[in-house]
Each structure stands twice: as C-alpha cells, then as structure tokens.
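Please open the model in your viewer and keep a selection panel at hand. The stops below say what to select next and what is to be found there.

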Amino acid sequence: IVVAVDHVGIAVADLDAAIEWYASTFGLVMTHTETNEEQGVREAMLSAPGDAGAAVQLLAPLRDDSAIAKFLDRNGPGVQQLAYRVADVDASCAALREKGMRLLYDEPRRGTAGSRINFVHPKDAGGVLVELVEPAAAGGAEH
Ligand code: MC0
C-alpha cells in the first residue's frame, strides 16, 4: 500500500518563525510553501540540502476552527501527522477500509502541490494521524 514515507507534519503557531528556526538550528531548507484554504493551513516543506527523502512539513493554522488550531490548543506545537506516499490513493483507501479502518473523507481531497490526500483516523492507526498522499502526476494537471 505504501510507496515511501512522504513527510512528517509538525504543527506550529508561527510559520515564518518556525522556518527560520529549522534553518538556523538544523540547516533545513524550504523547498515549497503554499496556503491550503480547505485544510485551513499555511504550510512549508523542508529538507536537508540535496535530500530527496522524507520531508518535514510545518503546518500553521489559518483559522481558529482548523484542525491545526485545535491540535495546538490541545497539545501545543509538535508532531501532528505521519504521511505515507501511495501510488493510487483510491485503491489504498479501499484496501484500508477493507481492513476496517476509518478514512476521514469519503473521497480524497486536495493536498500539497496538487496531490490527492486522505487520512486514517488516529484511533485506528496506533494513535498516529496517518495521511495518504498520491502525488500529482509529474507534469500533469493538478487535481
Ligand atoms: C486528534 N487526536 C489525535 C490527533 N488529533 N491523535 C493523534 N494525532 C493527531 N493529530 C486524538 C484526540 O486526542 C482524541 O483522542 C481523538 O483523536 C479524537 O479526537 P476528536 O476530538 O474526536 O477529533 P479532533 O476534532 O481532534 O480531530 C481529529 C481529526 C482532525 C484527526 C479528525 O484533526 C482531522 O480531521 N484531521 C485531518 C485534516 C488535517 O489534519 N489537516 C491539517 C493538515 P482522545 O483519546 O482524547 O479521544 S493539512 C495537510 O496535511 C495537507 C496540506 C497535506 O499534507 O497535503
């Protein structure tokens, strides 16, 4: 089902301050940033220079009623999600539903850089909010 670990998502209150902190502390560089209105986040992807492996995703809330705002209120900043890359998010969701897991959305929604995403409920995944990410087709249209 899983092709790779895509990213680890970390909830932060202030995105710009966090980007600066990860750069000055660990030398991570920002490779992508965007606002996702539907998810209620401003986000940034960070990597070690030249590393094409799993990324660190910083997630800051756009609104008080967003998932990240609720997470920050409850837990403070910290790891909010683990994202697995999949080849076909519809097929992966079907396979996980078959195993009795709850997917949060009936149909995949739009994630980073035109990807298609869904989430496994943390209570069905060992206490971890698991995101499934099907990247946008290289050079193809965004979903
Ligand atoms: C809640 N719980 C978590 C959790 N959030 N456990 C682990 N990790 C988390 N992040 C626990 C609570 O502590 C609670 O446990 C139980 O799950 C149910 O909590 P709830 O109060 O019923 O639910 P909420 O309101 O806290 O919502 C949790 C839920 C929500 C996962 C449903 O955050 C959600 O819809 N997330 C999916 C969207 C999302 O996270 N978007 C932001 C990233 P107890 O034991 O107290 O019952 S956007 C993104 O990631 C995109 C841009 C991308 O990467 O492409």
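With which residue does E38 form a salt bridge, and how far apart are the closest N and O atoms? Select E38 and R109: they form a salt bridge in which the closest N and O atoms are 4.0 Å apart, where a salt bridge is a side-chain nitrogen of Lys or Arg within 4 Å of a carboxyl oxygen of Asp or Glu. Before going further, note that this is a predicted model, in which local features need pLDDT of at least 70 and side-chain atom pairs count only at pLDDT 80 or more, while totals for chains, interfaces and linings use all residues. Residues are numbered from 1 along each chain as its sequence is written, and side-chain values use heavy atoms, with hydrogens and water left out.

**Salt bridges**

Stay with the first pair and color the chain by secondary structure; helices (H or I, at least four residues) and strands (E, at least two) are DSSP runs, numbered from the N terminus. E38 sits in the loop between β2 and β3 (41–47) and R109 in strand β6, so that the pair links parts of the chain 71 residues apart. At 48% relative accessibility E38 counts as partly exposed, and R109, at 35%, also counts as partly exposed; buried means under 20% relative accessible area, exposed over 50%, and partly exposed in between (1.4 Å probe, protein chains only).

Next select R110 and E34, which form a salt bridge with the closest N and O atoms 3.1 Å apart. R110 belongs to strand β6 (residues 109–110) and E34 to strand β2 (residues 29–36), and the two are 76 residues apart. R110 is partly exposed, with a relative accessible area of 30%, whereas E34 counts as buried at 14%.

Now move to D6 and R85, whose side chains meet in a salt bridge (2.8 Å, N to O). Because D6 lies in strand β1 (residues 4–11) and R85 in strand β5 (residues 78–85), this pair ties together parts that are 79 residues apart in sequence. D6 counts as buried at 14% relative accessibility, while R85 counts as partly exposed at 26%. In total, the count of salt bridges comes to nine.

**The loop residue Q39**

Select Q39, in the loop between β2 and β3, which counts as buried at 18% relative accessibility. Its side chain makes a polar contact with the side chain of Y105 (3.0 Å); a polar contact is a pair of N or O atoms within 3.5 Å, and within protein one must be able to donate a hydrogen and the other to accept it, with residues adjacent in sequence counting only if both atoms are side-chain atoms. Not counting residues up to four places away in sequence, Q39 touches R63, S66, Y105, R110, I117 and F119, contact meaning heavy atoms within 4.5 Å.

**The ligand**

Display the ligand together with the 23 residues that surround it, of which the closest are Q39, Q57, K70, Q81 and K123; a residue is near a molecule if one of its heavy atoms lies within 4 Å of it. A polar side-chain atom of R74 lies 2.9 Å from an oxygen atom of the ligand, and one of H7 lies 3.4 Å from an oxygen atom of the ligand. On the backbone side, a polar atom of Q80 is 2.9 Å from a nitrogen atom of the ligand.

**Helix α2**

Select residues 67–75, helix α2, where I68, A69, F71 and L72 are buried. Seen down the axis, these buried residues fall within an arc of 160°, so they line one face of α2; the arc is that of the directions from the helix axis to the C-beta atoms. They pack against β1, β3, β4 (55–61) and β5, while K70, D73 and R74 are exposed on the other side of α2. Just after α2, G76 takes a positive phi of about 75°.

**Helix α3**

Finish at residues 89–98, helix α3, and select V89, S92, C93 and L96, which are buried. These residues cover an arc of only 100° around the axis, which puts them on the same side of α3. The buried residues of α3 pack against β7 (116–120) and β8 (130–134). At the N-terminal end, D88 caps α3 with a side-chain oxygen 3.0 Å from the backbone nitrogen of D90, and just after α3, G100 takes a positive phi of about 90°.
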